[in-house]
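Opening the notebook on a new model.

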Amino acid sequence: MASIRTKFYLDKQRAKWSGVCAGISDYTGINVMWVRLAAVIATVTFAFPWTLVAYWIAAKSADPKPMELYGDREDREFWQGVRQSPRRTARDVKSRFREIDRRLADMELYYTSNNRALSNEIEKLR
């Protein structure tokens with residue numbers, strides 16, 4: 001499932017022509033207006049035939065984005081982060097799990113230190 005969410009897709013919902021710029025925007029997290037502006041500037045200034053060729057190849061080879069690709073905005077931002085920096089995302093996820101583990105340990109300590117019977121039951125289970 002992760003490979004589906006890290007793949008480049010054409011974004012037909014926000015497309016002006018074929019959805020390439022909107023797809024790049026979705027893939028990178030950059031505002032679609034800036035992606036379109038960069039594409040126009042690149043085409044007009046220095047790379048006229050190559051940007052059009054690259055655009056056409058992307059439009060013909062990429063699949064349209066599935067409607068249910070992301071659950072919500074937070075899910076979309078998470079997967080954009082994975083595509084931009086997998087190591088940073090892994091580090092963030094590990095950090096979140098460490099925080100959850102610490103909070104669970106604090107709760108366990110609170111309940112076992114104040115409740116002798118519960119503490120004895122937990123010790124029997126170990």
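My entries follow, in the order I looked things up.

**Ground rules.** This is a predicted model, so I note that local features need pLDDT of at least 70 and side-chain atom pairs count only at pLDDT 80 or more, while totals for chains, interfaces and linings use all residues. Residues are numbered from 1 along each chain as its sequence is written, and side-chain values use heavy atoms, with hydrogens and water left out.

**Confidence.** I checked pLDDT (the predictor's confidence in each residue, from 0 to 100). The protein chain averages 79, with 93% of its residues at 70 or more. Helices here are DSSP runs of H or I, at least four residues, numbered from the N terminus.

**Helix α3.** I tested its length: at 1.5 Å a residue (times one less than the number of residues), the 14 residues 32–45 should span 20 Å, and the end C-alpha atoms are 20 Å apart, which agrees. Buried (under 20% relative accessible area, 1.4 Å probe, protein chains only) are Val32, Val35, Ala42 and Thr43. Down the axis, the directions to C-beta atoms of these buried residues fall within an arc of 95°, so they line one face. They pack against α2 (20–28) and α4 (48–61), contact being heavy atoms within 4.5 Å. Turned away from that side I find Trp34, Val40, Val44 and Thr45 exposed, meaning over 50%.

**Core.** I listed the largest nonpolar core: Leu10, Val20, Ala58, Ala59 and Ala62. Such a core joins buried Ala, Val, Leu, Ile, Met, Phe, Trp, Tyr and Cys residues through side-chain atoms within 4.5 Å.

Note on methods:
Helix = DSSP H or I, 4+ residues; strand = E, 2+ residues; numbered from the N terminus.
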